[in-house]
Amino acid sequence: MAKAKVAKRPTRDEFALEEIGNQLTEAYQEKSEILLTVWGAEEPVRGQIVNMDPRTGRVHVQYEEEVNKVKFMDIMGVNYPRD
């Protein structure tokens, strides 16, 4: 039996990564609610950034009582909810 191939995370250049980093930092400082497009996740991650952990490379996003810890390298895009 062949193993199912797992799609590789798309690579982004330094400019794209820096742009995402800047958007995350701005949203964190302004306490804005955001929508993160996350590689491998069917639904965007919604919430407010409560912590950016440089040690683990994860962004902690809280929505209501739930906190999602998202790997920075898995974040494909940062948007703002329209509602």
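Predicted model: local features only at pLDDT ≥ 70, side-chain atom pairs only at ≥ 80, totals over all residues.

Trainee: What makes strand 1 and strand 2 a pair?

Mentor: Two strands pair if there are at least two bridges between them. Strand 1 (residues 33–38) and strand 2 (residues 45–53) have 4 bridges, so they count as paired, in the antiparallel sense. Leucine 36 also has a bridge partner in strand 2, namely valine 45. The two strands form a hairpin with 6 residues between them, and glycine 40 in the turn has a positive phi of about 85°.

Trainee: Which other strands pair in the antiparallel sense?

Mentor: Strand 1 pairs with strand 5 (residues 75–79) over 4 bridges, and there threonine 37 stands opposite glycine 77. Strand 2 pairs with strand 3 (residues 58–63) over 5 bridges, with asparagine 51 opposite histidine 60. Their hairpin has 4 residues between the strands, and its glycine 57 takes a positive phi near 70°.

Trainee: How do the side chains along strand 1 alternate?

Mentor: Ile34, Leu36 and Val38 point to one face and are buried.

Trainee: Why is glutamate 33 called partly exposed?

Mentor: Partly exposed lies between the two cut-offs, under 20% for buried and over 50% for exposed. Glutamate 33 has a relative accessible area of 33%, so it counts as partly exposed.

Trainee: Where is glutamate 66, and why is it called exposed?

Mentor: Glutamate 66 is found in strand 4 (residues 66–71). Its relative accessibility is 52%, which is over 50%, so glutamate 66 counts as exposed.

Trainee: How do you know that glutamate 33 and arginine 46 form a salt bridge?

Mentor: In general, side chains of opposite charge can pair when their charged atoms come close. The cut-off for a salt bridge is within 4 Å, and the side chains of glutamate 33 and arginine 46 meet at 2.5 Å, N to O, so the name applies. This pair links distant parts of the chain, with glutamate 33 in strand 1 and arginine 46 in strand 2, 13 residues apart. Arginine 46 is partly exposed as well, because its relative accessible area is 24%.

Trainee: How many salt bridges does a search of the whole structure find?

Mentor: The search finds 2 salt bridges. One of them joins the side chains of aspartate 74 and arginine 9 at 2.7 Å, N to O. Aspartate 74 lies in the loop between strand 4 and strand 5, and arginine 9 in the segment before helix 1, 65 residues apart.

Trainee: Are aspartate 74 and arginine 9 buried or partly exposed?

Mentor: Aspartate 74 has a relative accessible area of 13%, under 20%, so it is buried. Arginine 9, at 32%, counts as partly exposed because that value lies between the cut-offs.

Trainee: Which residues gather in a patch of negative charge on the surface?

Mentor: Asp13, Glu14, Glu18 and Glu19 do. Glutamate 19 is found in helix 1 (residues 14–30).

Trainee: What order do the elements of the protein run in?

Mentor: From the N terminus on, they run α-β-β-β-β-β, and buried residues make up 27% of the 83 residues.

Notes: Residues numbered from 1 in each chain as written. Heavy atoms only, no water. Patch = residues over 30% accessible without salt bridge, like charges linked within 9 Å, V, L, I, M, F, W, Y side chains within 5 Å. Areas by Shrake-Rupley, 256 points an atom, 1.4 Å probe, with all protein chains shown as cover. Lys, Arg positive; Asp, Glu negative; His and termini not counted. Charge placed at Lys NZ, Arg CZ, Asp CG, Glu CD. Buried < 20%, exposed > 50% of the residue type's maximum accessible area, 1.4 Å probe, protein only.
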